[in-house]
Amino acid sequence: MARRMYLGVAGTALLLLGGCASHRASSSAKVEEEWVARVPPDELGSVQQAALAEEQAREQITRTQVARKDAEAAKEVAQRNEEAAKSRHAAARLALKSAEDTGDSAAIEQAQATACTAQHAVTLAEAETAWRDDAVTTLKSLEDMRQRELDVADAQLEQARYEAVNANADVRAKELNAGDFASAVADARRKASEQQNQVDANLQREEQAKARWQQLQEQGYGGSGSQQQHP
């Protein structure tokens, strides 16, 4: 699964400095906006870079949310296909029973073939639903990871703001502990790494489910009556 970071559009310098407080991890170590505003613009390069990284992380959340919604829509289509396949199989079974009641060997043979094809279509539809369901699970976990990545970016931005203010000899920064900012970054990175492991496990399961569905397709499952739909 692609994990590229896409560049967002840089805002004004003031917006870059401010970030979005609603997503910033809570911490007792906090750098106020007015402190940063007193730092000369040419000394804010690291802060601007950190703010851009935060914006990119935020964009990744939006992209993953869109992908997850698309996956959920595809899952709904697969579920409808599965329900339709099961209905066709039930009808085929009834037709087979009726043929058996007549004792007509030709009719029975034809009904058996139709029922078999319908059963294969059910098997294929169930496999696709399972794959689509796993795909949704993967993207939900990826969405959580993107949030953890944003938490990392938030913590790094706060750390960069502190370093800029401290380098500007703002006495108020002396009351803050550099270790608190470093600890917040380390903690955010640890949580992101843990979530990445979950994404990898979900992705492996998804790929296995997709491979099974594709294998069934190659084996000719589905038949002429499966009427597969794809968004």
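## The helices

Helices here are DSSP runs of H or I with at least four residues, strands are runs of E with at least two, and both are numbered from the N terminus. By that count, the chain has five helices and zero strands. Reading along the sequence gives the pattern α-α-α-α-α.

This is a predicted model, in which local features need pLDDT of at least 70 and side-chain atom pairs count only at pLDDT 80 or more, while totals for chains, interfaces and linings use all residues. Residues are numbered from 1 along each chain as its sequence is written, and side-chain values use heavy atoms, with hydrogens and water left out.

Of the 231 residues in the chain, 38% are buried. Buried means under 20% relative accessible area, exposed means over 50%, and partly exposed lies in between (1.4 Å probe, protein chains only).

Two packed helices are described by the angle between their axes and the distance between the axes. Let's start with helix 3 and helix 4, whose axes come within 7 Å and cross at roughly 165°. Axes are lines fitted to C-alpha atoms, for helices over the stretch in contact, and angles run from 0 to 180 degrees between N-to-C directions. The contact of helix 3 with helix 4 has 31 nonpolar, 13 polar and 19 charged residues. In this scheme Ala, Val, Leu, Ile, Met, Phe, Trp, Tyr, Cys and Pro are nonpolar, Asp, Glu, Lys and Arg are charged, and the others, Gly among them, are polar.

Next come helix 4 and helix 5, which pack at an angle of about 165° with their axes 8 Å apart. Helix 4 and helix 5 are therefore roughly antiparallel to each other, and their crossing is left-handed. By class, the residues in the contact of helix 4 with helix 5 are 22 nonpolar, 11 polar and 12 charged.

Rings of Phe, Tyr and Trp (its six-membered ring) pair if their centres lie within 6.5 Å, and planes under 30 degrees apart count as stacked, over 60 as edge-to-face and the rest as tilted. The ring centres of Trp 131 and Trp 213 are 4.8 Å apart and their planes meet at 25°, so this pair is stacked. Trp 131 sits in helix 4 (residues 105-167) and Trp 213 in helix 5 (residues 178-218), so the pair links distant parts of the chain, 82 residues apart. Both Trp 131 and Trp 213 are buried.

Tyr 162 is buried, as is Phe 181.

## Salt bridges within helices

Side chains of opposite charge can pair when their charged atoms come close. The structure holds 19 salt bridges, each a side-chain nitrogen of Lys or Arg within 4 Å of a carboxyl oxygen of Asp or Glu. In one of them, Lys 86 meets Glu 82 at 2.9 Å, N to O. Both lie in helix 3 (residues 45-102), four residues apart, about one turn of the helix. Lys 86 is partly exposed at 38% relative accessible area, whereas Glu 82 is buried at 13%.

Helix 3 also holds Asp 101 and Lys 97, four residues apart and so separated by about one helical turn. The side chains of Asp 101 and Lys 97 form a salt bridge at 3.6 Å, N to O. Asp 101 counts as exposed at 59% relative accessibility, and Lys 97 is partly exposed at 48%.

In helix 5, Arg 190 and Glu 194 are four residues apart, about one turn of the helix. Their side chains meet in a salt bridge at 3.1 Å, N to O. Arg 190 is partly exposed at 40%, and so is Glu 194 at 46%. Salt bridges with shared partners join Asp 187, Arg 190, Lys 191 and Glu 194 into one network.

Conventions. Parallel < 35°, antiparallel > 145°, perpendicular 65-115°, else oblique. Left-handed = near helix turned anticlockwise from the far one by under 90°.
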